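Thanks for coming. I will go through one structure this morning, with the cut-offs given as they come up.

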Amino acid sequence: MSELIDYIIVSVVLVAIGIYGLVVKRNAVRMLFSLEIIANAANLNLIAFSRNLSNAQGQVFALFSIAIAAAEVAVGLGIIIIAYRLYKEIDVEEFKSMRG
Amino acid sequence: MADPVFIGVAVLTVSSAIVSLESRELIYGAIALAISMMGIAGFFLLLDSPFVAMFQIAVYVGAVAVLVIFTVMLVRTQALFSTKEDKGRKSAGIILMIIFIASIGAVFLVSGLNSQTFDNSKSQAIDFTAIGQQMLTYYSPALIALALTLAGAVIGALALARREEIEQKNE
């Protein structure tokens, strides 16, 4: 039987992969993938602690988090398609008008 | 020690997460991301929360993965091969990742969480009537806010997609 710490380690590894993707990749779609991986690591932690404390609140929070992540993907992909129409490119360093 | 099913799901999830970022073609990356989400749903099943696992499969594998694949197909194919990242940044990213895993993992391993075990005698699997009750009583304001957020996101995405036509009409 696996314990709480195993799930936490898996979630730390997933967060690290997501941060690596955000730092290294310049493709906007791949950066969105990284965000999804980080959000899923957070959900995994919520469910693991919910199971550990035998409390339904963690599962409710995970359900809310999944729904919010779906909305975020929809808006992110919409922005990527607009940027692609404007620049014919999905490389984030080419998005000049989005610079601060 | 961890059981073989857990190790199998962990290897599947982590390796397909890496493939989703490192694959040559973006469409294979999207499929690998869907497989990684399936692995997370497998973890949820192992953690006795089948309702959240089904929700994860329906939302992530069913909706998000399909949406990403549609977007990838809408974007021109040459733009998808933009692997223009320089070697220095990539190795720096790998070193950052390893330092992150080592430091945060060491902190968790020496902390009190290491001795926590799942108490199977006390904790039964939470059934979904409890989740539904919590959602419709204590968390009902959050549920309404979530519904409004989703509606706003859908309207915002539609407005973003239509903006160009409106601008052309105004000119």
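I start with burial. A residue counts as buried if 20 or more other C-beta atoms lie within 10 Å of its own, as exposed if 12 or fewer do, and as partly exposed in between, with C-beta atoms placed from the backbone. By that count Asp48(B) is partly exposed, because 19 other C-beta atoms lie within 10 Å.

Before going on, some housekeeping. This is a predicted model, in which local features need pLDDT of at least 70 and side-chain atom pairs count only at pLDDT 80 or more, while totals for chains, interfaces and linings use all residues. Residues are numbered from 1 along each chain as its sequence is written, and chains are lettered from A and ligands numbered from 1 in the order in which they are written.

On confidence, the model has an ipTM of 0.89 and a pTM of 0.87. For chain B the average pLDDT, the predictor's confidence in each residue from 0 to 100, is 83, and 83% of the residues score at least 70. Within chain B, confidence is highest in α1(B), with a mean of 92, and lowest in helix α6 (residues 140-170), with a mean of 80.

Now chain B itself. Chain B has six helices and zero strands; helices (H or I, at least four residues) and strands (E, at least two) are DSSP runs, numbered from the N terminus. Along the sequence the pattern is α-α-α-α-α-α. Of its 171 residues, 22% count as buried. Two residues are in contact if their C-beta atoms, placed from the backbone, lie within 7 Å. Of the contacts in chain B with a separation of 6 or more, 48% are between residues 24 or more positions apart.

One distance in this chain: Ala63(B) sits in helix α3 of chain B, and its C-alpha atom is separated by 34 Å from that of Ile99(B), 36 residues apart along the chain. Ala63(B) is partly exposed, since 13 other C-beta atoms lie within 10 Å.

Next, the interface. How many residues of chain A are in contact with chain B? The number is 63, and they meet 73 residues of chain B. On the chain A side, the elements giving two or more residues are α1 (4-24), α2 (28-53) and α3 (57-87). The largest share, 22 residues, comes from α3(A). By class, the chain A side has 42 nonpolar, eleven polar and ten charged residues. Here Ala, Val, Leu, Ile, Met, Phe, Trp, Tyr, Cys and Pro count as nonpolar, Asp, Glu, Lys and Arg as charged, and the others, Gly among them, as polar.

Last, backbone geometry. Most residues other than glycine have a negative phi. Ser54(A) has a positive phi, near 45°, and lies in the loop between α2 and α3 of chain A. Asp48(B) also has a positive phi, near 60°, and is placed in the loop between α2 (26-46) and α3 (50-74) of chain B.
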